[in-house]
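Subject: Structure handover

Hello,

Here is the structure we talked about. Please open it alongside this message; my notes follow below.

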Amino acid sequence: MSVLAGRSLVVGVCGGIAAYKVAGIVSTLAQRGADVHVVMTEAAQRFVAPLTFHALSANRVHTSLWEMRAREDHVLHIALAHRAAALLIAPATADAIAKLAHGYAEDLLGAVALAATCPAVVAPAMNTSMWEHPAVRANVAALRARGWTIVDPESGFLAERQQGVGRMAAEERIIGALEEAVARTRELEGQRVIVTAGPTREAIDPVRFISNASSGAMGIELAREAALRGAQVDLVLGPTHLEPPHGVRTHRVESAREMHEGVMALREGADAFVASAAVADWRPAVAYDQKVKKGDVDPVIRLERNPDVLAEFGRRKGTTFLVGFAAETQDVERHAREKLIGKALDLICVNDVSRPGIGFASSENEMLLIWRDGSEALPRASKREIAARIWDRVAVLRAAPKGES
Ligand code: CTP
């Protein structure tokens, strides 16, 4: 049975000649048991009549943000977005991609896309020179950065009677990407996940603090990926300039003690806790209320220990799956295994920070995953890709009967 069976999908059809091919896609999706809701832009209706999609999907086709509906569906764009297991936009024209990248909500498709937190798959189709234009490249990159899947167009005969890149991808590729996206959303469906990310700041006085170089990027990607896989995610986030992901509940904190408090308040009933934050182990024993004047104090800062959020979670973990992080420079595996046991973790993700180009200030990472009776080296990849591999490993470990992972 297809992973799409019984799932609600929104298919956004835009105004390109490939719109007629989307009729075939909608028909296949319906045959695989999906509940398909087609949203057409005004331009799309110049190429294909709404009736075509109505006949194929057996659902009403939506063409306007102003459609009046009864009861629970009365705010149409919200109802469509919240029910959807995935959003497919095909053919995605240069104009549609630009509007989606910038968050326009002037039509129904734009509004649904803004309200949706489910995975989105975009199948662009346009002339080669448009596809290669820097503006289109930038807009496509913005959608990718948001976690959307882009099914790149193929090379072939275009409507302009010439060969080139820009033809909408074949139906199997588009449906394959959609199935993959939906399959991911089922993995953590109904689960509650807590992620810590970023540095903490330990105040010396109102304007000075002790902190570290963590950007929070790895934890933000882990939170985003968990949400895409269907989890309800609480992200406890230290100070960072990075934007937390869409579809995640973010709790902003400053200090290790605030992070500790935040996590403990959310602890009960969590299915997984991923501690990716670089929590300061120490804080100044005295934090001054007023800005310190240089002549006023002895220039020595005495430190005291902060609570260890992860270790404390580990002491009362219950059935929560615990993922810890470690940064090491030597004897990497031995130190990491000590932390795995010491903090009662199920998995530890280790950075060898002596290697250049990964970790803290980089968009890439390279990690060693270690669990009780195994390990896996993740080769260098984007933090988003690493986050996906970590959740893949968590799924395998959680599915394995105890002692067989
Ligand atoms: N951690 C935490 N609370 C702290 C300190 C660390 O939750 N106060 C978590 C981190 O989020 C990370 C792991 O514990 O998942 C790191 O463990 P730790 O033993 O602190 O590693 P290092 O900081 O690398 O420690 P050390 O300097 O002792 O190697």
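This is a predicted model: local features need pLDDT of at least 70, side-chain atom pairs count only at pLDDT 80 or more; totals for chains, interfaces and linings use all residues.

A polar contact here is a pair of N or O atoms within 3.5 Å.

**The ligand**

A polar backbone atom of Ala 275 sits 2.6 Å from an oxygen atom of the ligand. The backbone of Ala 277 also takes part: one of its polar atoms is 2.7 Å from a ligand oxygen. Lys 339 uses its side chain instead, with a polar atom 2.9 Å from an oxygen of the ligand. In total, 13 residues surround the ligand. The closest are Ala 275, Ala 277, Pro 307, Phe 325 and Lys 343.

Domain 1 brings 12 residues to the contact, and domain 2 brings 10.

How much area is buried between domain 1 and domain 2? The value is about 860 Å². Carbon and sulfur atoms give 46% of that. On the domain 1 side, three residues stand out: Thr 117, Arg 184 and Glu 187. Together they supply 55% of the area that domain 1 buries against domain 2, more than any other three residues.

Now the charged and polar pairs. Two salt bridges are counted between domain 1 and domain 2. Separately, four residue pairs are in polar contact across this interface, with both residues at pLDDT 80 or more. Which elements give two or more residues to the side of domain 1 that touches domain 2? They are helix H8 (134-145) and helix H9 (171-187). H9 gives the most, with four residues. By type, the residues on that side of domain 1 are four nonpolar, three polar and five charged.

Look at Glu 187 in particular. Its side chain meets that of Arg 229 in a salt bridge, at 2.8 Å from N to O. Glu 187 is also one of the three residues named above for buried area.

**Two backbone details**

Check the peptide bond between Ala 90 and Pro 91. This bond is cis, with omega about -10°. Pro 91 is found in strand E3, residues 86-92.

Then go to Asp 331. Its phi is near 50°, a positive value in a residue other than glycine. Asp 331 lies in the loop between strand E16 (321-328) and helix H13 (332-342).

Best wishes

Key:
Residues are numbered from 1 along each chain as its sequence is written. Side-chain values use heavy atoms; hydrogens and water are left out. Contact means heavy atoms within 4.5 Å. Buried area is the accessible area (1.4 Å probe) that two parts lose on being put together, summed over both. A salt bridge is a side-chain nitrogen of Lys or Arg within 4 Å of a carboxyl oxygen of Asp or Glu. A polar contact is a pair of N or O atoms within 3.5 Å; within protein, one must be able to donate a hydrogen and the other to accept it, and residues adjacent in sequence count only if both atoms are side-chain atoms. Ala, Val, Leu, Ile, Met, Phe, Trp, Tyr, Cys and Pro count as nonpolar, Asp, Glu, Lys and Arg as charged, and the others, Gly among them, as polar. A residue is near a molecule or strand if one of its heavy atoms lies within 4 Å of it.
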